[in-house]
Amino acid sequence: MSGSTQEAAPTAEFRHIRIPSAGEKIRIEDGKLVVPDQPIVGYVEGDGIGPDITKACLRIWDAAVEKAYGGTRKIHWCETFLGEKAAGLYDGNYCPDETLKVLQDLIVSIKGPLTTPVGGGFRSLNVALRQDLDLYACVRPVRHYAGVPSPLKRPDKVDIVLFRENTEDVYTGIEYKTGTPENEKLARFLREEMKAKFFEGAGLGIKPISAFGSKRLVRKAIQYAIDHGRESVTLVHKGNIQKYTEGAFRNWGYEVAREEFAGVTITEEQLYGEYKGKQPDGKIVIKDRIADIMFQMMLLRPDEFDVIATTNLNGDYLSDAIAAEVGGMGIAPGANMADFVAVFEATHGTAPKYANQNKVNPGSLLFSGVMMLEYMGWNEAADLITLVYPEVIGDGIVTYDFARQIDGATEVGTSQFADALIERIQGGVDLEAKRKAQREQLVKERKQREVRRLLQPMEEMLDTGRIPHTVNDLMTRSLITVSDDDSIDSAMHLISQNNISSLVVEPNGNGEWGILTRRDIISRVVRAAKNPLTTKVAEIAVRPIVSVPAETSIVEAAKLLEESKFTRLTVAQGKKIIGIVTETDIFNAVEKFGWAGEGV
C-alpha cells in the first residue's frame, strides 16, 4: 500500500471503507471540478494481477506528485472494494453499495482489473459501475511511446483520444433468444405491423441510440478537444446503413457543435470550402467518417485524426484495434466518466495465471493514473511520468511482455520496473525543454497537413477517407441573393461576374424564398423578347422552391430532384436558407469520390 495512504477507523456509515483522516474531498463548484492540494482519491486494487500493478503504480504516482510539487501537493488514497476482495469482506457481495456511494462521493477514483464471477445472475462489474454511476463516456487515449514494440512502421503518428458512448447501442442488452415467447411476440409484431423481413428463428436485438445520450457524449468530446488544444473531433458511425441510429448519432453530433460550440468549431466542409484547407486559429474541425473507413484510416493516415466520438459497439472495436497499433492492451489507459465523476481503470483483464508473481506490465493502470492526474489539473506530475517512461524503455528495462520483443532487453518484475521509473523521476527531468520540443513537433506536423490540404485538397479528401453522403457535404454555402425588385439585367450581371448558374431570391411578402436560374432567364425573358432592364426578378423567379435540411442524404436529394423536375435544391436551417445543391454537385461528387450507395 502507498505510503501516503492514511489509516482511519471505519465510520458508522461504512462497514469496511476507511476515509483518510487527512486530506480534503474533491468537490464541484459552479459547474467546475475543484481539486484541493491534499485531495482524497479512491482506489480499487482489482483482482488477479490487480494488487501487483496497483501497489507499483501507487508508488510511481506518489513519486511524481512529490517531485513535481515538492511536497505542497499530496494524494491521500482511500481504498474501496470491488470484485473478489469485496466478496470476502461483504459476505459474497462483489459490488457493495457502500463502495458505489464512496466512489460517487469522492468523484475521482482509479481501479485495477476486475473479474466477473462465474454463475448466473451476476452483472459484469465494469458494466455495473457504468450503469449505477451513469458513467456514460468511456475515454481511451491511445498514443505511442518511443521504444515500445509496435506492428506499425510509424506508430509515432498515432495520438488520439477516443470517446465511446457507454449506456446505449447493443450493449443495453435488449435482446430476445430465438424460440422464446418474447422473441416470437416481437417477431410477429415486426413482420405483421412493421412489414419487416428477416429469417425465421432469428435472435432479435434492439439498438437504442438517443439524442440525449449522443449529445452528451459528443459535448464531452468537443469540450475535451477545446481544453487540451486538440485539432479535430471525428464522429465515427455506420450511418450509411443505419440511418436512424448511427446516422442520427452523426447528425446530433453536428447539431451539438453548431448550436453549443459555434464560436470554436467549423465543419470539414467549411475547412475546404470556406477556408480553402487552412484551419483558422482557435477553431476545431468537426469531421465524420463511416466506421469501416475509419479502421483503414487509423492504419494508413492515423495522424489525420485527433479526438474521436463514437457509439458503443464501434468504440469497443476501434479502441482495442488502435491500442494494438501502439503496443497492445497492456499499456492502454482508460476511464469511465459522468459529467464529473470519473473512474479511471486498467483496460486489460485480470490475468489470474500471473497473479502475485510480480511479473506483468503495469502500463495500462499507470497511464490511466496519468489520465487521472491530468483530469485533476496536475499536469506537471502527469508529464513527469510520460516523459521518463520512454527513457526507461529505451534503456531496455522492461517487463516480460516487451522483453521478448526487444533485443538485448533486461527483463524486470513489476515492482522493479516501478523502481526504475521512480529513479528517473527523482533524478530530475527538464520538463519545460521536453514540453517545448513536443509543442514544436506538434506545430510542425499540423503545418505539414495544412500545406497538403492547400496544395491538393481533392487528393487529401480522398486520402483521409472523407466521402460525402449528405447535402451538407456538397452544398454551396456562399450564396448570392437578389430581391424581387431587382432587374433581370442586374441579376444577369451577378450570374456572369460570379460564374454561377443561379441566384437565390430573398423572401417575398409571404415569406417565400425563390430561385432564378440561367435557364429561367433564357426561356422566360430572352425567348419571350422581354426587356431585361425593365423586367423584375419577381416576374421570373420560381416559387415555391424545394428546400431540404442539411442532413438529407444524397440519395434522398437525388430522388427529390427527379420528382420535382428541378435541377437544384436549397438547403434550409429552420426558415433560413444556408446553401444550395445542384445536379452538377451530385454528379461531380460521384465522379470524384466514387459511389458507396446506401447498402455498402
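The structure is a predicted model, in which local features need pLDDT of at least 70 and side-chain atom pairs count only at pLDDT 80 or more, while totals for chains, interfaces and linings use all residues. Residues are numbered from 1 along each chain as its sequence is written, and side-chain values use heavy atoms, with hydrogens and water left out.

The secondary structure of the protein chain comprises 22 helices and 24 strands; helices (H or I, at least four residues) and strands (E, at least two) are DSSP runs numbered from the N terminus. The C-alpha trace spans about 95 × 65 × 50 Å along its principal axes. Of the 600 residues in the protein chain, 50% are buried, where buried means under 20% relative accessible area, exposed over 50% and partly exposed in between, with a 1.4 Å probe and protein chains only. Among contacts (heavy atoms within 4.5 Å) with a separation of 6 or more, 70% join residues 24 or more positions apart.

Helix α3 covers residues 97–106, and its buried residues are E98, T99, L100, V102, L103 and L106. The elements that cover these buried residues include the strands β1 (24–25), β4 (39–44), β5 (76–79) and β6 (108–111), together with α4 (125–132). After α3 comes I107, with a positive phi near 75 degrees.

T234 counts as buried because its relative accessibility is 0%. Apart from neighbours within four places in sequence, T234 is in contact with K287, D288, R289, M294, F305, V307, I308 and A309.

Strands pair if DSSP finds at least two bridges between them. β22 and β23 (residues 568–573) pair in the parallel sense over three bridges, and the bridge partner of S547 in β23 is T570.
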